[in-house]
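Hi,

Here is the structure I promised to pass on. Have a look at it first, and my notes on what turned up follow below.

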Amino acid sequence: MKSYLTPLGSKADKDTVRRHNLSLVLRAVRDEGEAAEATRAGVSARVGLTRAAVSSLVEQLLDSGFVTESGKTFSGQAGRPGTALKVARTGPAGLGVEINIDYVSVCVVDLAGTGRVRQTEHLDNRGAPPAEVLARAARIAARTLESAREQDLYPVGTALALPGLVSGGSVRQAPNLGWNEVAAEVLFAEALAALRPGSGPLPVRSENEANLAALAELWFGGLDQVRSFLYLTGEIGVGGALVLDGELLRGAHGFAGEIGHVVVDPAGPECRCGSRGCLEQYAGQSALLRAAGIDEAGGGAAGVRELEGRARAGDPRALAAVADAGRMLGQVLSGAVNLFDPDAVVLGGIYRCLMPWLSPPADEELTGRVVSGLWSRDGGRLRASSVAGDAARGAAALVVQDVLADPAAYAPSAGTDA
């Protein structure tokens, strides 16, 4: 007879408990500091530890440079005023590197989640050897690290945001880049290390760019209480990610969310993925500009700005192109909404600036096709992403999450007195 009991593992020792509590306190200081000033008393009430235990943990975080304190704060209640605590604006940070079809964007995020340094270069990465593209990204990252150092920020790791199927440190397939089985983490790490002789190697991890943009929207966007949503990013391709109850749904192999390759018409135009009639052939950047009669040769970003300008001016061809894309998006999204029942659908990338013309036809399709009857036109469930929801920031914040989860592992000294 098979046993379905979960192995219990070993009990937590004193050091493990303290490390866990350090994380609790650091995250509480960060969260409290977003709305008001955090104090030891406030943190104690939030995490359920005694004032003495919290004070000991705060002292360790102060000594390690994760937290700063200043002045006195008055709660209006009896007792001595407390000092205001905030996560440090210097020290450990995260480095995020987004490699997309026509640009590379690199940013550094501090422990509070604030973007502190950003460098973006518009580069056409299609057709270039993967090692060359990753070396370009490493050069931009190296310059960004120098700028971060000037602010006394020291990223402790790098996360790559990559388009396509990403698993095990490699890009299994990125049709719009022409990449197959590319060891992205290794190639980037080697290129960055060569540019920084004498510096210690930075750990590198990788993730699909739509997943990281969705996490940035979850952590920094204007979703309020929404914890389950479908995120679409429109670029040259169309990426997607699904967040359920605040957790990213990756799927059995890490490939969930490839909504851009849902087939709209089996007899439609050939897609770079090898199929026909995929959504991105109707709603991707190249398809939109082509339908509007805009030359993409001058640069994708310039083409999108021109498309937005023409739509704003009432150009019939531009309006028709965006409306057709909106209808296709609505049809495909309705299937995903019926399958997963998210609270909202968030459109990012180029869709954000096209929402005034894209949203009505997409919303109409969703209203007519979502079987629950809970989707109503103009009900606010279809929304634009915030300016904060981009993949590079999500990548950098992913590194910061590691620091917040175990600050002792990133402390200048390893002492964790029990």
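Leu347, leaving aside neighbours within four places in sequence, is in contact (heavy atoms within 4.5 Å) with Leu232, Leu333, Arg352, Met355, Leu358, Leu382, Arg383, Ala384 and Ser385. Before you read on: this is a predicted model, where local features need pLDDT of at least 70 and side-chain atom pairs count only at pLDDT 80 or more, while totals for chains, interfaces and linings use all residues. Residues are numbered from 1 along each chain as its sequence is written, and side-chain values use heavy atoms, with hydrogens and water left out.

The largest nonpolar core has 36 residues, and Leu347 is one of the four that touch the most other members, along with Leu307, Leu333 and Tyr351. By nonpolar core I mean a set of buried Ala, Val, Leu, Ile, Met, Phe, Trp, Tyr and Cys residues joined through side-chain atoms within 4.5 Å; buried is under 20% relative accessible area, exposed over 50%, partly exposed in between, with a 1.4 Å probe and protein chains only. Two or more residues of this core come from each of β11 (229-234), β12 (238-244), α8, α9, α10, β14 (344-349) and α11. The biggest contributor is α10, with nine residues. There is also a second, separate core of 35 residues, Leu95, Val166, Val171 and Ile236 among them. (Helices are DSSP runs of H or I, at least four residues, and strands are runs of E, at least two, numbered from the N terminus.)

Next, helix α8 (residues 285-292): six of its eight residues are buried, so the rest of the structure largely encloses it. Those six are Gln285, Ser286, Ala287, Leu288, Leu289 and Ala292. They pack against α7 (280-283), α9 (300-312), α10 (316-340) and α11 (351-369).

Three strands form an open sheet in the order β7-β8-β9, with antiparallel pairing; strands pair if DSSP finds at least two bridges between them. β7 (165-167) and β9 (179-182) are the edge strands, each pairing on one side only. β7 is joined to β8 (residues 170-174) by three bridges, and Leu165 has Gln173 as its bridge partner.

Last, Ser206 in strand β10 (residues 204-208). Ser206 counts as buried because its relative accessibility is 17%. Its side chain makes a polar contact with the side chain of Glu185 at 2.7 Å. (A polar contact is a pair of N or O atoms within 3.5 Å; within protein, one must be able to donate a hydrogen and the other to accept it, and residues adjacent in sequence count only if both atoms are side-chain atoms.)

Cheers
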